[in-house]
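The sequence and the model are shown first.

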Amino acid sequence: MSEDFPGWHGTTIIGVKKDGMVVIAGDGQVSLGQTVIKGSARKVRRLTSGGKDVIAGFAGSTADAFTLLERLEAKLEAAPGQLARAAIELAKDWRTDKYLQKLEAMLIVTDGTGLYVVTGAGDVLEPEHDVTAIGSGGNYALAAGRGLMDSDLDAEEIARK
């Protein structure tokens, strides 16, 4: 990460898969360094792939994340209904393309069945305990989500808490 990059302070995106329901939720906070400059950004977006919705949440640079979301949409068009394949193809490009390597973002994506974290290191990770989170608040959200998985709450309620 560049020394000039101010960091991802304040972003939290969580993905929860429970009882056949998959949810991605995120805060709306945009910050520059330690200053919150917007509290209502949409960091969770809907993409469409062959009539099937794909939901993606991002942490990091907004412009970089939008570039990745556009690339993911193109991969989904090439492999309709195959989110895992599209995510792997995106991760391969992200790791090997000199332009994409400089992007500062991470994604959580779902098609309502699978739940994946896609990183610039070439990773496409499926969470071990059906909860995953990214951003500077990600570790806190991950711990809280894992702690709530044995409760009576559904996936959406866990993500909101």
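In what follows, contact means heavy atoms within 4.5 Å. The structure is a predicted model, in which local features need pLDDT of at least 70, side-chain atom pairs count only at pLDDT 80 or more, and totals for chains, interfaces and linings use all residues. Residues are numbered from 1 along each chain as its sequence is written, and side-chain values use heavy atoms, with hydrogens and water left out.

## Overall architecture

The protein chain has four helices and 10 strands. Helices (H or I, at least four residues) and strands (E, at least two) are DSSP runs, numbered from the N terminus. In order from the N terminus, the elements read β-β-β-β-β-β-α-α-β-β-β-β-α-α. Of the 161 residues in the protein chain, 42% are buried. Buried stands for under 20% relative accessible area and exposed for over 50%, with partly exposed in between (1.4 Å probe, protein chains only). Among contacts between residues at least 6 apart in sequence, 57% join residues at least 24 apart.

## Packing of α1 and α2

Two packed helices are described by the angle between their axes and the distance between the axes. Helix α1 (residues 62-78) packs against helix α2 (residues 83-96) at an angle of about 130°, and their axes are 9 Å apart. The axes are lines fitted to C-alpha atoms, for helices over the stretch in contact, and angles run from 0 to 180 degrees between N-to-C directions. The angle therefore makes α1 oblique to α2. Under this scheme, angles under 35 degrees count as roughly parallel, over 145 as roughly antiparallel, 65 to 115 as roughly perpendicular and the rest as oblique.

The crossing of α1 past α2 is right-handed. A crossing is right-handed if the near helix is turned clockwise from the far one by less than a right angle, and left-handed if anticlockwise. On the α1 side the contact is made by L68, R71, L72, K75 and L76, and on the α2 side by L83, A86, A87, E89, L90, D93 and W94. By class, this contact has eight nonpolar, no polar and four charged residues. Here Ala, Val, Leu, Ile, Met, Phe, Trp, Tyr, Cys and Pro count as nonpolar, Asp, Glu, Lys and Arg as charged, and the others, Gly among them, as polar.

## Nonpolar cores

A nonpolar core is a set of buried Ala, Val, Leu, Ile, Met, Phe, Trp, Tyr and Cys residues joined through side-chain atoms within 4.5 Å. The largest such core has 22 residues, and those with the most contacts inside it are L47, L68, L72, L76, L107, V109 and V118. Two or more residues come from each of β6 (52-60), α1, α2, β7 (105-110) and β8. The most is given by α2, with six residues. Another core, of 12 residues, lies apart from it and includes I14, V23, L142 and I158.

L76 belongs to helix α1 and is buried, with a relative accessible area of 1%. Leaving aside neighbours within four places in sequence, L107 is in contact with G57, F58, L68, L69, L90, Y116, V117, V118 and I134.

I134, in strand β10 (residues 131-134), counts as buried at 4% relative accessibility. Not counting residues up to four places away in sequence, I134 touches T11, T12, I13, G57, F58, A59, M106, L107, I108 and V117.

Y116 is placed in strand β8 and is buried, with a relative accessible area of 14%. With residues up to four places away again not counted, Y116 touches L83, A84, L107, I108, V109, V124, L125 and E126.

| Pair | Sequence separation | C-alpha to C-alpha distance |
|---|---|---|
| I134 and L107 | 27 residues | 7.8 Å |
| Y116 and A84 | 32 residues | 7.8 Å |
| L76 and L47 | 29 residues | 9.2 Å |

## Loop residues

T119 is found in the loop between β8 (115-118) and β9 (124-125). T119 counts as buried, at 8% relative accessibility. Beyond four places in sequence, T119 touches A91, W94 and M106.

Most residues other than glycine have a negative phi. D19, in the loop between β1 (13-18) and β2 (21-26), has a positive phi near 50°. D19 counts as exposed at 74% relative accessibility. D130 has a positive phi of about 65° although it is not a glycine. D130 lies in the loop between β9 and β10 and is partly exposed, with a relative accessible area of 32%.
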